[in-house]
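Take a look at the model below.

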Amino acid sequence: MEEELQFCEKVPKIELHAHLNGSISLEKLKLLNDNDVPTLPQYEITSSTPLKQCFEVFKIAHTIVNNPLKVYEATLSVIEDFYKDNVIYLELRSTPRMIPDIMTKDVYIESVIKAIQTASLTFPKILVKFLISVNRAHGIENATENILSAIKYHEMYPEYVVGLDLSGDPSEGEAFLHLLERARNAGLKIAAHCAEVPNNDEVEDILNFKPDRLGHCTHIHPDLNGSNELFEQLLTSKIPIELCITSNIKCQTVSDYSKHQFNYFYKANHPICIATDDKSVFNTTLSKEFQIIKTHFKLSSKELIKLSLAAVDYSFATNNEKEKLRQIIKNFTYLE
Ligand code: 6MZ
């Protein structure tokens, strides 16, 4: 077990689904917590917790990370964590937050970008991109605002702001697909959470929209409350799926590893990548997620590296950057 984790730690990895505020380590949150938020011990989810309750946990980080400097510091520390876990490419996603008299959404976005710029000098071995999130539960005005900001900052910083993420409590709100279309027309890539809870009508709309990547895709196979038609439509679309195993198990959206959608998509040879979702809230790392794949789905070391390599193709990096990332992974040597 320990040996497997050590191997997974050494593999150069690609992280494509990480929410900033769910990824800030407990240690960093404690350092940033000058308001003495008393609920910190409840932060990490250690046992099964209904998905709905997880969205309460994110509010703890939001209460603590409450000014531009803290956004900057939190972002930098998350990048450092991934760098130390041998992640060579990271797409961080985050929902711009406004705090009256303290921080506008633009200042929030700029603080994240500044941290990515600093990281490119301090931790040059990890390449970081930023996806601006739209929270589906926050209404159309908010969604419009975030999408316009994403377009603006993509124009100003095309090397950092590369895409848009549709996320938030899947049992609330809507997918705002007509707004996502605007972002896509402006050159942003779209990563959309899909079927984290059963909702076949919405899944059909999202699949017809054809985002560049999909998150979770739990309830699509007929065995998981989806349907044959949706599963077939997804396979035909070949849209890459970001799979976050620990997140799904801890949030009880699947009952155990043997029922996880990984089984169906891997068998079908569908493009997938492995991700952490909220590494701090779910007490995981990308290496631990790789180890889970090895242990529970019986992948060989070679197959794991193949997954890492394939994830480069699904990233929103430039072709040049992708080629460099592929070389790093291909140069990784190990004993079978
Ligand atoms: C959907 C999620 C999520 O944006 O403040 N988020 N959305 N499903 C999930 N599965 C568990 N995990 C996190 O990071 C926290 C925000 O990311 C989204 C939620 O909107 C959460 O408030 P940021 O950096």
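Eight strands build an open sheet, and their order is S1-S2-S3-S4-S5-S6-S7-S8. The pairing is parallel. At the edges stand S1 and strand S8 (272-274). Each has a single partner strand, so one side of each is left without a neighbour in the sheet. On average, neighbouring strands are turned by 25° against each other, direction ignored. Keep in mind that this is a predicted model.

Strand S1 covers residues 13-19, and seven of its seven residues are buried. The strand is therefore largely enclosed by the rest of the structure. Its link to strand S2 (residues 87-94) consists of five bridges, and the two strands run parallel.

Is Ser94 buried or exposed? Its relative accessible area is 4%, under the 20% cut-off, so Ser94 counts as buried. What does Ser94 touch, leaving aside its neighbours within four places in sequence? Its contacts are Leu20, Asn21, Tyr108, Phe130, Leu131, Ile132 and Ser133.

Now move along the sheet. Strand S6 (residues 213-216) is joined to strand S7 (residues 241-243) by two bridges, again in parallel. Here Leu214 has Ile241 in S7 as its bridge partner.

H14 lies across S1, S6 and S8, at about 60° to S1.

H14 also packs against another helix. Helix H14 (residues 301-314) and helix H15 (residues 319-330) meet at an angle of about 175°, with axes 9 Å apart. That angle is over 145 degrees, so H14 is roughly antiparallel to H15. From H14 come Ile305, Ser308, Leu309, Val312 and Asp313; from H15 come Lys322, Leu325, Arg326, Ile329 and Lys330. By class, this contact has five nonpolar, one polar and four charged residues.

Finally, turn to the nonpolar cores. The largest has 103 residues, of which Ile79, Leu90, Ile220, Phe262 and Ile293 touch the most other members. Helix H6 (residues 105-122) gives the most to this core, namely seven residues. Apart from this core lies another, of nine residues, among them Phe55, Cys251, Val281 and Phe282. Not counting residues up to four places away in sequence, Ile220 touches Cys194, Ala195, Val203, Gly226, Ser227, Leu230, Phe231 and Leu234.

Conventions
Residues are numbered from 1 along each chain as its sequence is written. This is a predicted model: local features need pLDDT of at least 70, side-chain atom pairs count only at pLDDT 80 or more; totals for chains, interfaces and linings use all residues. Side-chain values use heavy atoms; hydrogens and water are left out. Buried means under 20% relative accessible area, exposed over 50%, partly exposed in between (1.4 Å probe, protein chains only). Helices (H or I, at least four residues) and strands (E, at least two) are DSSP runs, numbered from the N terminus. Two strands pair if DSSP finds at least two bridges between them. A nonpolar core is a set of buried Ala, Val, Leu, Ile, Met, Phe, Trp, Tyr and Cys residues joined through side-chain atoms within 4.5 Å. Contact means heavy atoms within 4.5 Å. Axes are lines fitted to C-alpha atoms, for helices over the stretch in contact, and angles run from 0 to 180 degrees between N-to-C directions. Angles under 35 degrees count as roughly parallel, over 145 as roughly antiparallel, 65 to 115 as roughly perpendicular and the rest as oblique. Ala, Val, Leu, Ile, Met, Phe, Trp, Tyr, Cys and Pro count as nonpolar, Asp, Glu, Lys and Arg as charged, and the others, Gly among them, as polar.
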